[in-house]
Amino acid sequence: MFVKAEKVSKIYRLGKNETRALNEVSFELERGKIYTVIGPSGSGKTTLFNILGGLDRAEEGKIFVDNKEITAMDQRRLADYRRDYVGFVFQFYNLINGLTVYENVLASAALSKNPLDVDMVLKMMDVYSERDKFPFELSGGQQQRVAIARAVVKNPVLILCDEPTGALDYESSKLVLKLLEDVNRQFGTTILIITHNLAISRMADATLRLRSGRLVEFSENSQKISAQEVTW
Amino acid sequence: MVIKKIPLRTIKRDFLQFFSIILLVAIASMTYTLFAVSMEDIGRNYEMFKRDYVQEDGYFITSKEVDESLLKDKFEIDLEERLFYETQQDGITLRIFSISDKINKPYIGVGKMPEEGEVLLDPSFFKAHQYQTNDEITISGQKFKVSGIGYLPDYIYIIKNDQDFLPDPEHFGVVMMLKSDVQKLFPAPHVHYYSYKGKVDNIEDFKGFINSNWGLLKFVERDQNPRIIYTEMKVENAKRITLPISLFIIIVSSFILFIVMRRVINTMHAEIGTLYSMGYTQKDVFKVFMRFPLYIWLFGSVIGILLGYVEAYPFAEFYRSYFTLPKLTSFFPWQHVFVALLLPAIFIFLSGYFALRNFFRLTIVQMLHGIDEIKFGKLPTIKFFDRFEFKTRIMLKYGWRHFARELILIVGILFSTILMMYGMTAKDSIIVAIEKAYNENFRYNYLYMLNSTSEHPEINLQDFAEPYNLLAFDVEGTKASIMIYGIKSNSDMIKLYDERGNEISVSDQLIISKPFANKLGVNEGDEIKIKNKFTGQEYTLKVYKVADLPVGNNGYMELENFNRLFGYDSGEYVGIFSKEKIDIPESSVFESYTKSELLTTIKASAEDLSKTIGVMALIAAILALLIVYVLSTLTINENKKNIGILKMLGYKENSIFKMVLGFNYISFLAGFITGIPLSKLTMDSLMNTATKDIDFAMSLDLSINSVLSTFIILLVVFLLLRFLVRAKIAKVMPVEILRQQVD
């Protein structure tokens with residue numbers, strides 16, 4: 001298995017109050033597939049995203065990615081993990097305002113041992129003509145495409161997307177989904193998409209449904225459709 | 001690393017905000033470089049001048065010619081007679097000296113050493129009267145050719161009389177010529193003037209020996225010679241204030257940088273979190289963000305050093321011409337450049353480091369999602385604020401919430417107040433107070449110092465003139481000396497008042513001037529031990545009253561009592577105060593001057609002082625301006641969302657302005673009001689330290705004029721900025737709230 005989670009729990013403490021954001025969540029993900037994580041607000045989606053991405057630590061349980069236990073890694077090794085294995089796409093893009101489109105992508109490529117060509121990725125995301133612009137000069141859809149380019153250019157084995165279409169209009173959302181699908185097909189990258197939008201699950205190979213920190217359903221999608229066909 | 005570009009681009013984007021900090025650092029570096037380099041330049045050149053041109057250790061004037069070899073052998077000193085004479089023509093007094101070979105040798109700044117029939121002029125007089133080399137000058141009816149400009153090591157601060165405060169090259173000049181020419185002009189000198197070089201172990205024996213053998217008329221040690229020590233005092237003073245001023249500006253800049261850095265980091269929280277998520281390590285990110293302080297330091301201090309360095313030489317020239325010091329050598333002040341670079345670096349980097357360190361304590365998830373505001377210690381809630389109406393309550397709460405930046409504003413205004421007040425007071429004390437003293441206290445128009453203390457039967461004293469006697473004393477346990485005058489008990493020439501303005505009647509007891517009392521730390525009723533400068537005889541006198549005089553180491557008592565106490569016969573005197581000019585045989589007069597001469601000097605010098613005051617006021621105003629601007633802009637940027645909400649709720653700009661920035665008025669007033677007593681304290685302490693080891697006393701008093709002028713200038717700057725900042729509030733649209741939600 002490419003990703004294996006064993007009884008992963010995460011507890012947030014605020015004074016005397018404890019909130020179990022994740023409660024003994026276990027699952028396995030295969031390499032090169034697309035997964036979606038769905039669930040209502042507060043179900044633990046973002047917590048799972050953070051822990052899988054090495055941004056946060058689990059309280060209990062283990063997570064293996066490519067046979068490496070990331071829950072046992074120290075901060076330095078976690079930074080290496082993020083650098084070598086994971087690409088992130090956020091809801092609000094999180095591009096670096098002080099860098100141009102090209103530089104934003106280059107900043108990511110520069111960290112990778114095996115990066116893709118920046119210009120090639122920009123062309124693939126259809127933002128090559130915007131390469132010298134700053135993020136604030138772009139539309140939301142364009143910014144998200146740059147964010148995907150930034151994630152892809154590292155040539156990671158896993159791309160984690162947190163509500164990648166949450167701030168976009170319908171057309172832009174469709175384009176972003178198609179690009180993610182293209183990346184998955186072309187580079188064999190495993191993609192995990194956290195979303196509120198149930199329709200997106202239809203383009204995934206499997207869906208994890210969370211509720212109150214528990215994994216209540218892991219359903220394989222036998223009737224997977226292309227991103228192009230997804231509508232809502 | 002491409003992410004290295006982030007800081008520079010951010011600085012460009014928020015240019016004004018960062019530029020203000022850069023400017024503050026630049027001002028700090030410039031202030032340090034300007035003062036340190038120019039003072040080093042003056043100091044080095046002065047030391048070289050003193051050494052190479054053999055500045056005297058003292059001079060004395062006797063009524064008889066001294067046996068030089070006897071004195072030299074007995075006291076193991078070097079001694080040289082200098083012929084001197086004073087001549088007056090067209091309201092100009094020329095003091096003529098023969099050119100020395102060994103002590104106080106002239107440095108030729110322009111032209112050449114004079115030959116027979118030629119003279120050197122002091123640089124200020126030369127410039128003031130627009131002489132050129134080879135011009136003619138008439139002295140006592142004889143024409144001389146000006147061979148050039150000469151600097152004398154004992155006439156650095158060229159004042160006519162020891163009591164004068166400011167030089168007056170329009171009406172007084174020093175002329176240097178060959179001994180033979182002085183002898184031709186003035187064949188029979190009434191007195192003999194000697195300069196000596198060497199350390200005399202027992203100065204009292206020395207003076208006593210001269211007095212008993214050749215009749216000592218005047219004895220001035222180097223450290224008591226105002227023509228030398230005024231320069232040293234001013235240079236010391238400038239050196240003393242250089243570091244505190246620069247340090248203060250740097251510390252304020254560092255605090256502001258800390259606040260700005262926090263804001264920059266807060267607004268970039270998601271970007272920094274993203275950099276982490278991409279795999280950048282804390283070290284990578286830290287290195288990138290420490291470039292903010294690096295650039296601020298680099299731009300600020302390099303610009304500051306360059307400006308300071310470029311300005312230092314004209315500044316040194318200005319000082320040099322003010323003190324008539326020559327330039328003998330040039331040098332590059334590496335150590336000062338190094339300090340000017342290093343000093344801001346320490347504070348700026350520390351400030352940047354602490355701002356970042358606090359942020360990097362957050363987890364990546366906290367960075368990515370942001371927290372409302374990164375707090376460094378919580379302030380307690382003050383319930384008292386809730387008693388006020390809504391707008392005032394919000395204003396007070398904003399001020400309390402941004403306590404640190406309000407404190408910086410207070411300190412900034414306070415510092416500007418002190419700086420500006422110092423300049424204003426210098427003008428008031430030196431010019432207005434002296435003018436006032438010469439109108440209210442010293443009511444004579446002419447002062448004559450005679451060659452000897454006697455009954456002077458050759459002088460017919462009329463109603464408009466009063467005799468006085470005078471003796472100089474050293475005050476035991478200090479380096480100060482006092483001139484005690486014996487004057488008529490109901491004198492019309494000297495009127496003394498206490499601090500409440502009541503006239504003090506002159507009696508058999510000692511009255512001393514206020515600055516001198518302050519300097520000695522004595523009050524009415526205290527005793528002081530004094531020692532006659534010429535005879536060494538000691539006396540213990542009780543201070544009867546302290547007279548409110550602005551300047552001077554003076555004491556007064558009734559003339560007959562003075563004579564009895566100090567061993568003179570009744571009716572003897574050494575000088576005359578007069579309302580009108582008196583015809584006194586020239587051979588009896590040692591020195592004379594008119595009050596109008598002195599007042600003209602003061603007025604003429606006011607222009608020079610005004611320049612210095614202008615520079616100080618400008619620096620103070622710029623400082624206040626930058627601090628208020630940066631802090632107000634920051635507050636508005638940070639509160640765009642709240643301003644948007646308030647606008648959406650229907651509040652008008654005036655009300656929003658009051659709520660968000662109204663506390664600044666309180667801080668401004670607090671800074672200014674605290675600044676007034678602190679200005680007085682700072683100035684007194686500065687003056688006391690500066691005059692501690694020298695024979696000079698002066699009191700600096702704040703006048704209502706300087707307080708008002710300072711307040712008006714600072715208020716205008718403050719209100720102007722408020723106006724500019726208000727425009728920023730007007731630009732905030734309610735839609736900002738939505739944008740902030742997305743950001």
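Colleague: How many residues lie between β18(B) and β19(B) in their hairpin?

Modeller: This is a predicted model: local features need pLDDT of at least 70, side-chain atom pairs count only at pLDDT 80 or more, and totals for chains, interfaces and linings use all residues. Residues are numbered from 1 along each chain as its sequence is written, with chains lettered from A and ligands numbered from 1 in written order. In the turn, B:Gly536 has a positive phi of about 85°. The strands (E, at least two residues, DSSP runs numbered from the N terminus) are separated by five residues.

Colleague: Which residue stands opposite B:Ile530 in β19(B)?

Modeller: β18(B) and β19(B) run antiparallel, joined by five bridges. Strands pair if DSSP finds at least two bridges between them. Opposite B:Ile530 stands B:Tyr539.

Colleague: What is the bridge partner of B:Asp474 in β18(B)?

Modeller: β13(B), residues 465–475, runs antiparallel to β18(B), residues 527–532, with three bridges. The partner of B:Asp474 is B:Lys531.

Colleague: Which element gives the most to the side of chain A that touches chain B?

Modeller: The contact (C-beta atoms, placed from the backbone, within 7 Å) takes 20 residues from chain A and 19 residues from chain B. On the chain A side, α2 (75–85) and α3 (101–109) each give two or more residues. The most, four residues, come from α3(A).

Colleague: Why does α5(A) count as roughly parallel to α6(A)?

Modeller: Angles run from 0 to 180 degrees between N-to-C directions, with axes fitted to C-alpha atoms over the stretch in contact. Under 35 degrees counts as roughly parallel. The axes lie 9 Å apart, and the packing angle is about 15°. That makes the pair roughly parallel.

Methods. Two residues are in contact if their C-beta atoms, placed from the backbone, lie within 7 Å. Angles under 35 degrees count as roughly parallel, over 145 as roughly antiparallel, 65 to 115 as roughly perpendicular and the rest as oblique.
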